[in-house]
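Please examine the sequence and the structure shown below.

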Amino acid sequence: MSTESTPPRRLPLFLTDDDVARLAELPAAIAAIRAAYRTPADDKRNPGRIFADSGREWMRVMPSVPPSGALFGAKSINGSFGDGLQVSYLISLFDKETADLVALVDGNRVTGLRTAATTAVGIETIAPRRPLSVGVIGSGFEARSHLAALALVADIATVRVFSPTPANREAFADHFSRELSAPVTAVDSAEDAVQGADLILCAARSRDENPTLEADWVGDDATVVSIGSTTPAQRELPDALIARAALVVADTVEEVLHGSGDMIAARAAGVDVETLTASLNSVVLGARHVDRDHGIRIYKSTGAGLQDIVVAEALVDLARRHGVGTQLPVGIVTTRK
C-alpha cells in the first residue's frame, strides 16, 4: 500500500469565535440548510452522534458528508468536569475532492446559528402563508435568533413574549419592536403568550424538566416550534399536545424519536409517534403532504452534524470573500492510498 503524500493545496483557515460572530448571516445559513435538506435523508452520509464518556470527560462527535457543498467534516463537542463543567466546540472541514483539511472553525456560535436557520426552513414548509400571530416562550439567545430567522421566512403580524424575568422579556419586546414591522408585547405568563397564537416558539429551558406549555393553551391549527428537548431527560411539550398533532416534522427522525424526552414520554403514554413523524427532508421535497392551515403541526429539532457542516462551509466562504480568519502556517498530510 502506497503512503505517498502530497502537500496541502491550500493551507487551512482558522475561524475564531469572534470571526464567526462577525460573519454570522442568517440568510446565508438558511440558504445552506435549505440546499442540504433538498435531498432524501441518508443515514450513511449523516450517521448521527457518536459518544465517548469517562464520567469525568466526554466527547460528542457529529459527522456529516452533506449532499450539497464542497466540504465534509464533523463537529466535536468536548466537555470536562475537571473544574466544574467546561465545554468547547470544534468543527473540522475537509475538501470532498482531495480530503485536504480546509478549515477549523470554533463551533461555539455555530450551533445557535444553524439551529435557527434549520427551524426557519422547517417553518417555511409547514406554517400558513398568511400574517401570523406569534407566541414566544423565552427571551434569551435562542428566542432572539429564532424570531429573527422566522421573520425572514414568515409574515409576522404580532408577537407576544413571556420569560420569567420581567426585565428580560421587556428588553426582548423593545428590541424586536424596532427590528420587526409588527407590534411586540411582553406578557405576564406563558399562557398569555401562547393562547390564540398561530405560531408558537418554545425557546426556554424548563427549570425542572417539565413541559413549558400546556396542551389546552394551543389552538387546533397552530404551528409549534420545539427546540429545547434534545436529550431523553429534557421535556418541553406535554404528551397531550403531541397526541393532538396532525404532524411532527423532525430535523433528524431517529434522534428526535429516541433522543428527545418529549417523544419518549409521548410514546410511553401510548402516542404513535412513529406514524406522526416525518423527516424535514421529506417535507421540503414535498414527499410528505402538509396541510398548512389545518391541524397542529410541530417542528422538533435535536440538531445534526449536517447542519453544522453546511453552515460552517458558508461561514468559510464568507471568510475567504471578506478576508476574515487566520491562515494556519501548516496543514496536515493528505496521503494517497
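Arg 34 counts as partly exposed, at 22% relative accessibility; buried means under 20% relative accessible area, exposed over 50% and partly exposed in between, with a 1.4 Å probe and protein chains only. Arg 34 forms a salt bridge with Glu 124, and the closest N and O atoms are 2.8 Å apart. This pair links distant parts of the chain, with Glu 124 in helix 3 and Arg 34 in helix 2 (residues 26–36), 90 residues apart. Glu 124 is likewise partly exposed, at 23% relative accessibility. A salt bridge here is a side-chain nitrogen of Lys or Arg within 4 Å of a carboxyl oxygen of Asp or Glu. Helices (H or I, at least four residues) and strands (E, at least two) are DSSP runs, numbered from the N terminus.

The model is predicted: local features need pLDDT of at least 70, side-chain atom pairs count only at pLDDT 80 or more, and totals for chains, interfaces and linings use all residues. Residues are numbered from 1 along each chain as its sequence is written, and side-chain values use heavy atoms, with hydrogens and water left out.

## Further salt bridges

The structure holds 15 salt bridges. One of them joins the side chains of Asp 17 and Arg 109, at 3.0 Å from N to O. Asp 17 lies in helix 1 (residues 17–23) and Arg 109 in the loop between strand 7 and helix 3 (110–126), so the pair ties together parts that are 92 residues apart in sequence. Asp 17 counts as buried at 18% relative accessibility, whereas Arg 109 is partly exposed at 37%.

The side chains of Glu 255 and Arg 49 also meet in a salt bridge, at 2.7 Å from N to O. Glu 255 belongs to helix 8 (residues 253–259) and Arg 49 to the loop between helix 2 and strand 3, so this pair ties together parts that are 206 residues apart in sequence. Glu 255 is buried, with a relative accessible area of 16%, and Arg 49 counts as buried at 18%.

An open sheet is formed by seven strands in the order 3-4-5-6-7-2-16, with mixed pairing. Strand 3 (50–53) and strand 16 (326–327) stand at the edges with a single partner strand each, so one side of each is left without a neighbour in the sheet. Two strands pair if DSSP finds at least two bridges between them. Strands of a sheet pair through backbone hydrogen bonds, either parallel or antiparallel.

Strand 5 (residues 71–80) and strand 6 (residues 86–95) run antiparallel and are joined by ten bridges. Asn 78 has Ser 88, in strand 6, as its bridge partner. Helix 12 (residues 305–322) packs on the sheet and touches strand 2 (13–15), strand 4 (57–64), strand 5, strand 6 and strand 7 (101–106). The direction of helix 12 makes about 70° with that of strand 6; axes are lines fitted to C-alpha atoms, for helices over the stretch in contact, and angles run from 0 to 180 degrees between N-to-C directions.

## Aromatic pairs

Two aromatic pairs are found in a search of the whole structure. Rings of Phe, Tyr and Trp (its six-membered ring) pair if their centres lie within 6.5 Å; planes under 30 degrees apart count as stacked, over 60 as edge-to-face and the rest as tilted.

Phe 72 and Phe 94 form a tilted pair, 5.9 Å centre to centre with 35° between the planes. Phe 72 lies in strand 5 and Phe 94 in strand 6, so the pair ties together parts that are 22 residues apart in sequence. Phe 72 is partly exposed, with a relative accessible area of 23%. The rings of Phe 172 and Phe 176 have centres 4.7 Å apart and planes at 45°, so this pair is tilted. Phe 172 and Phe 176 both lie in helix 5, four residues apart, about one turn of the helix. Phe 172 counts as buried at 0% relative accessibility, and Phe 176 is buried with a relative accessible area of 3%.

## The surroundings of Arg 169

Arg 169 is placed in helix 5 (residues 166–179) and is buried, with a relative accessible area of 8%. A polar atom of the Arg 169 side chain lies 3.0 Å from the backbone oxygen of Val 187. The side chains of Arg 169 and Asp 188 are joined by a polar contact of 3.3 Å. A polar contact is a pair of N or O atoms within 3.5 Å; within protein, one must be able to donate a hydrogen and the other to accept it, and residues adjacent in sequence count only if both atoms are side-chain atoms.

Leaving aside neighbours within four places in sequence, the residues in contact with Arg 169 (heavy atoms within 4.5 Å) include Ser 139, Val 161, Phe 162 and Ala 186.
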